[in-house]
Amino acid sequence: MTATIIDGKAAAARLRAKVAEEVKQHHYVKPGLAVVLVGADPASEVYVRNKEKAVLEVGMASFPHHLPASTTENELLRLIDTLNADARVHGILVQLPLPAHINAEKVLEHISPRKDVDGFHPVNAGKLAVGQNALVPCTPLGCMILLRETVPDLPGLNAVVVGRSNIVGKPIAQLLLQADCTVTITHSKTKNLAEVCRNADILIAAIGKPEFIKGDWIKKGATVIDVGINRITVDGKTKLVGDVAFQEAVQVAGAITPVPGGVGPMTIACLLANTLKAALTT
């Protein structure tokens, strides 16, 4: 058996096209996204560049703010105050990681929940937890879109989430519960983790360890969503791999996301969707 490869690039392209069409339809408001980058982290610069490009491609307004690494926490908070008050800005994203002298939690909580397109604010996390309408973190939202396209009948399925971060693990568990799945959250202290994973109809890998989940951990025919993006060196060359040992898993799973080309492309597409949602509800 060889698993169906879930094409995140194609799904992201469909979502971006849908967002672009809705931006045209709602011509009375032009969604605006402010992306704030502090410092010159190379990976962050690439992510920010891709986000700003995607914003313009769907007809939204981009408000980039690239600040030096010496920016103080108070200066950053004052900028967020300005963006919170700017009617042209519907979404605010502060690229992580921030320099060590800045408290990231304090900064993220300073963003208005209505403009929190990353979905990290405690208000949005709380609304998601109790099933209210909220801005949902982009990566879990992308995972759910891929899941719904792959597994139309989710209610009653056993879903195992490997990882309990506030960015992926916890919110994806909430979304799976809302979809009427039976959800187990696992982590580094879970006993008999492999056995727990083998009971999963849906396996979400978000633990941040390269190729940690082996093929024999996966139930035959299960749907595997690999959130991990890890750089490893093989024969002197760097490559990206997920949290799942893909070549083993693809022989067992019913469907699986590749790395790269799976969940990754969905994250920026969902950022655009969240910005549109914020624009239409503010």
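Let's start with Glu 211: at 29% relative accessibility, Glu 211 counts as partly exposed, because that label covers everything between buried (under 20% relative accessible area) and exposed (over 50%), using a 1.4 Å probe and protein chains only. Keep in mind that this is a predicted model, where local features need pLDDT of at least 70, side-chain atom pairs count only at pLDDT 80 or more, and totals for chains, interfaces and linings use all residues. Residues are numbered from 1 along each chain as its sequence is written, and side-chain values use heavy atoms, with hydrogens and water left out.

**The loop between β7 and β8**
- Glu 211 sits in the loop between β7 and β8; strands (E, at least two residues) and helices (H or I, at least four) are DSSP runs, numbered from the N terminus.
- Its phi is near 50°, a positive value in a residue other than glycine.
- Lys 209 is in the loop between β7 (202-205) and β8 (223-226) too, and at 38% relative accessibility Lys 209 counts as partly exposed.

**Strands and sheet**
- β7 and β8 pair in the parallel sense over four bridges, with Leu 203 opposite Val 224 in β8; pairing takes at least two DSSP bridges between two strands.
- Both belong to an open sheet of six strands, ordered β1-β11-β8-β7-β5-β6, with parallel pairing.
- At the edges are β1 (4-5) and β6 (182-186), each pairing on one side only.
- Elsewhere, β2 (residues 32-38) has seven of its seven residues buried.
- One side of β2 has Gly 32, Ala 34, Val 36 and Val 38, the other Leu 33, Val 35 and Leu 37.
- Seven bridges join β2 to the parallel strand β3 (residues 61-67), and Ala 34 has Phe 63 as its bridge partner there.

- Most residues other than glycine have a negative phi, and most peptide bonds are trans.
- Asn 192 has a positive phi of about 55°, lies in the loop between β6 and α8 (193-198) and counts as exposed at 63% relative accessibility.
- A cis peptide bond joins Leu 96 and Pro 97, with omega about 5°; Pro 97 is in the loop between β4 (91-94) and α4 (104-110).
- The bond from Val 259 to Pro 260 is cis as well, with omega near 0°, and Pro 260 is in the loop between β11 (255-256) and α10 (263-281).
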